[in-house]
Amino acid sequence: MTHALQHTLNPRKLARVRASRDFIVPTSAFERLHQALTAPAEVHIALRFAPTREQGVRVRGTAKTFATLCCQMCLEDLLLEISTEIDVLMHADLDVLEAQPLAQDTLYYVDGELHAAELVEDQLLLELPMVPRHEGDDCVTALEYTAPALSEERRPRPFAELRNLNLSA
């Protein structure tokens with residue numbers, strides 16, 4: 001298991017030897033995921049690489065983390081386990097990618113190094129709840145709202161004087 005700051009890989013080379021790689025990547029390496037969390041965490045990534053018949057690369061695996069989010073009900077921290085399955089077809093020919101079924105995730109990839117976070121960040125973001133909140137009545141404290149008291153004094157009405165005008169003349 002790799003636990004370094006640099007998690008770059010060459011998918012085409014790894015696919016040729018049908019390699020598997022395990023990474024522990026800090027959430028700070030994920031630009032958008034890091035912004036959604038209230039505390040840093042680590043993402044455990046396990047990826048398997050295989051060549052395809054069309055000279056592409058198929059990447060399968062999992063990504064898992066314990067994300068700390070802000071509960072939208074009580075505004076306290078909420079720890080959730082976020083995990084996702086990865087199944088991405090990478091290819092340099094856009095026609096091959098467009099011919100894939102809609103359910104297949106695709107990635108345009110020509111050659112060179114790729115950061116492991118780039119492969120899994122979108123999938124992890126899709127697993128985040130739209131409105132993070134504790135289950136049921138588990139919120140630590142419910143926010144209480146009290147409406148401001150209405151004043152007893154009546155406001156002057158701007159058109160009240162029009163009632164007194166004599167328009168029948």
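Biologist: Is Ser 20 buried, partly exposed or exposed in this structure?
Modeller: This is a predicted model, and in it Ser 20 lies in strand 2. Because the relative accessible area of Ser 20 is 47%, the residue counts as partly exposed.

Biologist: Which residues does Ser 20 touch, not counting residues up to four places away in sequence?
Modeller: Ser 20 belongs to strand 2, and this strand, residues 20-26, runs antiparallel to strand 3, residues 42-51. Once residues up to four places away in sequence are set aside, the residues that Ser 20 touches are Leu 47 and Arg 48.

Biologist: How many Å apart in space are Ser 20 and His 34, C-alpha to C-alpha?
Modeller: Along the sequence, Ser 20 and His 34 are 14 residues apart. In space, taken from C-alpha to C-alpha, the separation of Ser 20 and His 34 is 26 Å.

Biologist: In strand 3, which residue is the bridge partner of Val 25?
Modeller: Strand 2 and strand 3 run antiparallel and are joined by 7 bridges. Within this pairing, the residue of strand 3 that partners Val 25 is Val 43.

Biologist: How many bridges join strand 3 to strand 4?
Modeller: Strand 4 covers residues 57-70 and runs antiparallel to strand 3. In this pairing Pro 51 stands opposite Val 57 of strand 4. The number of bridges that join strand 3 to strand 4 is 9.

Biologist: In the hairpin of strand 3 and strand 4, which residue takes a positive phi?
Modeller: The hairpin has 5 residues between strand 3 and strand 4. The residue there with a positive phi, near 65°, is Gln 55.

Biologist: Is Thr 68 buried or exposed?
Modeller: Thr 68 is found in strand 4, and, not counting residues up to four places away in sequence, Thr 68 touches Leu 37, Thr 38, Ala 39, Asp 77, Leu 78 and Leu 79. A residue is called buried when its relative accessible area is under 20%. Since Thr 68 has 14% relative accessibility, Thr 68 counts as buried.

Biologist: At what relative accessibility does Arg 12 count as buried?
Modeller: Arg 12 lies in helix 1, residues 11-16. Not counting residues up to four places away in sequence, Arg 12 touches Gln 55, Val 57, Ala 92, Tyr 109, Val 110 and Asp 111. Arg 12 counts as buried because its relative accessibility is 17%.

Biologist: Is Glu 121 buried or exposed?
Modeller: Arg 32, a salt-bridge partner of Glu 121, counts as partly exposed at 41% relative accessibility. For Glu 121 the relative accessible area is 9%, so Glu 121 is buried.

Biologist: How many residues apart in sequence are Arg 58 and Asp 87?
Modeller: Arg 58 forms a salt bridge with Asp 87, and the closest N and O atoms are 3.0 Å apart. Because Arg 58 lies in strand 4 and Asp 87 in strand 5, residues 77-91, the pair ties together parts whose separation in sequence is 29 residues.

Biologist: Which residues make the nonpolar surface patch of about 500 Å²?
Modeller: One of its members, Leu 162, has its place in the segment after helix 4. Leu 162 counts as partly exposed because its relative accessibility is 48%. The patch of about 500 Å² is made by Phe 159, Leu 162, Leu 165 and Leu 167.

Biologist: What pLDDT does the protein chain average?
Modeller: A pLDDT of at least 70 is reached by 92% of the residues, and the average over the protein chain is 82.
Over residues 1-5, however, the pLDDT is below 50, although this stretch has 12 contacts in the model beyond near neighbours in sequence. The chain average asked for is a pLDDT of 82.

Notes
Residues numbered from 1 in each chain as written. Predicted model: local features only at pLDDT ≥ 70, side-chain atom pairs only at ≥ 80, totals over all residues. Heavy atoms only, no water. Patch = residues over 30% accessible without salt bridge, like charges linked within 9 Å, V, L, I, M, F, W, Y side chains within 5 Å. Areas by Shrake-Rupley, 256 points an atom, 1.4 Å probe, with all protein chains shown as cover. Salt bridge = Lys/Arg side-chain N within 4 Å of Asp/Glu carboxyl O. Helix = DSSP H or I, 4+ residues; strand = E, 2+ residues; numbered from the N terminus. Buried < 20%, exposed > 50% of the residue type's maximum accessible area, 1.4 Å probe, protein only. pLDDT = per-residue confidence, 0-100. Contact = heavy atoms within 4.5 Å. Pairing = 2+ DSSP bridges.
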